[in-house]
Amino acid sequence: MRLRVRTYTGTYMRTVAALAVGGVLLTGCSAGSGSRSADQRASGGIRHAAPDGGGRTPDPGQAEGETDGAKRTAPPADYLSTFALDVDTASYGFARRTIGSGRLPDPETVRPEEFVNSFRQDYRSPDGNGFSVTVDGARTGADGWSLMRVGLTTRAPAADSVRKPAALTFVVDISGSMAEPGRLDLVRTSMELMADRLRDDDSIALVTFSDKAKTRIPMTRLGGNREHVHEVISGLRPDSSTNVEAGVTRGYEEAVKGLREGATNRVVVLSDGLANSGDTSADGILERVEKARKDKGITLFGVGVGSDYGDRLMETLADRGDGHTVYVSDPEQARKVFCDDLPAQIDLRARDAKAQVAFDPQTVESFRLIGYENRRVADQDFRNDAVDGGEVGPGHSVTALYAVRTRPGAAGHVATATVRWLDPATRAPHEESASVEAAALTGRAWTEADARFQVTAVAAYFASALRERGGGWEPVPGALPLDRLAERAATVADLTEDADVRGLADTVRQASRLMG
């Protein structure tokens, strides 16, 4: 595999941006990944080449003035795929709980990218505070089709690093629906863990909501106040209806009042997402906090709970609130999220991060991004920093999986993946890129690809099988029947010796039985 990685700044970055936009304009402004045609939506987003193969993809791995023996021009717009980075995992967590209780999840709640991103990867760590880019792949059992993996990762914090203080506003749902075991009781346990894990110079505020919102603790330093914080948390009890609008609005008001310069300011919403009073739409709720969210840089982290869960509301709140969401169903998961993940990721490595993959029409016949439907970005907006991307913390990996059909006898360049992000402190833009050759996509997925690639394939195929039940979703090429996929999952769990992968194998096996 040929892999080239560089950071672009100054004149060259502007030149590449002009070429990319020019490529879109010169191809008649055809629909990009942010605006797919009806035919593309019906086929699961597969894009096809012109019969003659068109032009070649520019290689962002070349510095200004470099050539690699072949002149490359901007690709047709239909050969670009652009999306905002997403580190959510709630869809997989909720599906696993639902299947464990003997039911199959609603296909509308299945987001393949969140299944894929629920598992550890072994991508190369970058040297600096940005991203590394890894592109690899393997051949599926479907004729001409390969899976191509785009892996993006940020550097984990050093053991001796000192993060900025945190100012966290917890917005806790205490409505009647939270009385079910595994909801408010789990939230209390989670917050107790978090209060003990945070530092003395960190601050928290606590807002609760049912039919109305109430501030239980204004923004308060934890040093000298932990006992009071624990008393308030332990006293939380379920009440009446669910007015998420009131809770989020009050939460952002408290976050603005308690805003700490030089700290990471974040709103953490803990809820089952079953809004039934006030404005129940995510867009309507976020309109009320738009100024605080944009002007003050206050991001949102969503934690979902409950066997009956408002997935769509929580996912949209997090996506539009410049944050991400997770789902917890037991104390072990709560401990991982609140003791390990959230404290370690209070800092940000990147704001408004987006990825764009440029496929080479001379070697690629068609391609399909698996998932990310809610995160698509218009191709021409890749370098428009006014368009929202994703927020990514330290030690995070983001994986995007593509089904790629190469042309018969294809050789050479297949695709170049580029990630663009803004520095959280300075808002300066940065980019990193990597390319992949056709030869890197020819190994067999189940016998020659590395174990972590196989985990990614199992997760994507599993999500695809669950999505197919609702109609309007085309199976991922090379998909196996669930009973055979369960066998593959068990094999790769043995290879990785990873408890999370073992859990995936068990869940696939349970789903296979439920689907008959």
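This is a predicted model: local features need pLDDT of at least 70, side-chain atom pairs count only at pLDDT 80 or more; totals for chains, interfaces and linings use all residues.

How many nonpolar, polar and charged residues are there in the lining of the second largest cavity? I looked this up and found three nonpolar, six polar and four charged residues. My classes put Ala, Val, Leu, Ile, Met, Phe, Trp, Tyr, Cys and Pro under nonpolar, Asp, Glu, Lys and Arg under charged, and the others, Gly among them, under polar.

Residues are numbered from 1 along each chain as its sequence is written, and side-chain values use heavy atoms, with hydrogens and water left out.

**Cavities**

I found four cavities of 30 Å³ or more in the structure. A cavity here is a set of points, on a 1 Å grid over the protein atoms alone, where a 1.4 Å probe fits but cannot get out; a pocket is an open set with protein on both sides within 12 Å along at least five of seven lines, and lining residues have an atom within 4 Å of a point. Volume is the space filled by probe spheres set on the points, with grid points joined across faces, edges and corners.

The second largest cavity comes to about 80 Å³. It has 13 lining residues, and Arg-266, His-324, Leu-348, Glu-391 and Gly-393 are the closest to its centre.

**Pockets**

The largest pocket holds about 1,100 Å³. Its lining counts 33 residues, with Thr-89, Ser-118, Lys-336, Asp-341 and Asp-500 nearest the centre. I sorted that lining into 13 nonpolar, 12 polar and eight charged residues.

Which element gives the most to the lining of the largest pocket? I noted H11, with seven residues. At least two residues each come from H3, strand S10 (324–327), helix H11 (331–344) and H14. Helices (H or I, at least four residues) and strands (E, at least two) are DSSP runs, numbered from the N terminus.

Next I checked the second largest pocket, at about 700 Å³. Lys-164, Leu-348, Asp-423, Pro-424 and Ala-425 lie nearest its centre, among 33 lining residues. Its lining splits into 10 nonpolar, 10 polar and 13 charged residues.

**Helix pairs**

I started with helix H13 (residues 482–496) and H14, which pack at about 170° with axes 8 Å apart. Axes are lines fitted to C-alpha atoms, for helices over the stretch in contact, and angles run from 0 to 180 degrees between N-to-C directions. H13 and H14 are therefore roughly antiparallel; my cut-offs are under 35 degrees for roughly parallel, over 145 for roughly antiparallel, 65 to 115 for roughly perpendicular, and oblique for the rest.

Helix H3 (residues 90–100) and helix H14 (residues 499–515) have axes that come within 9 Å and cross at roughly 50°. That makes H3 oblique to H14. Tyr-92, Arg-96, Ile-99 and Gly-100 are the H3 side of this contact, and the H14 side includes Gly-503 and Leu-504 (contact means heavy atoms within 4.5 Å). I counted five nonpolar, four polar and one charged residue there.

Last, I looked at helix H5 (residues 184–197) and helix H6 (residues 226–234), at about 175° with axes 10 Å apart. This pair is therefore roughly antiparallel. The contact of H5 with H6 has four nonpolar, two polar and four charged residues.
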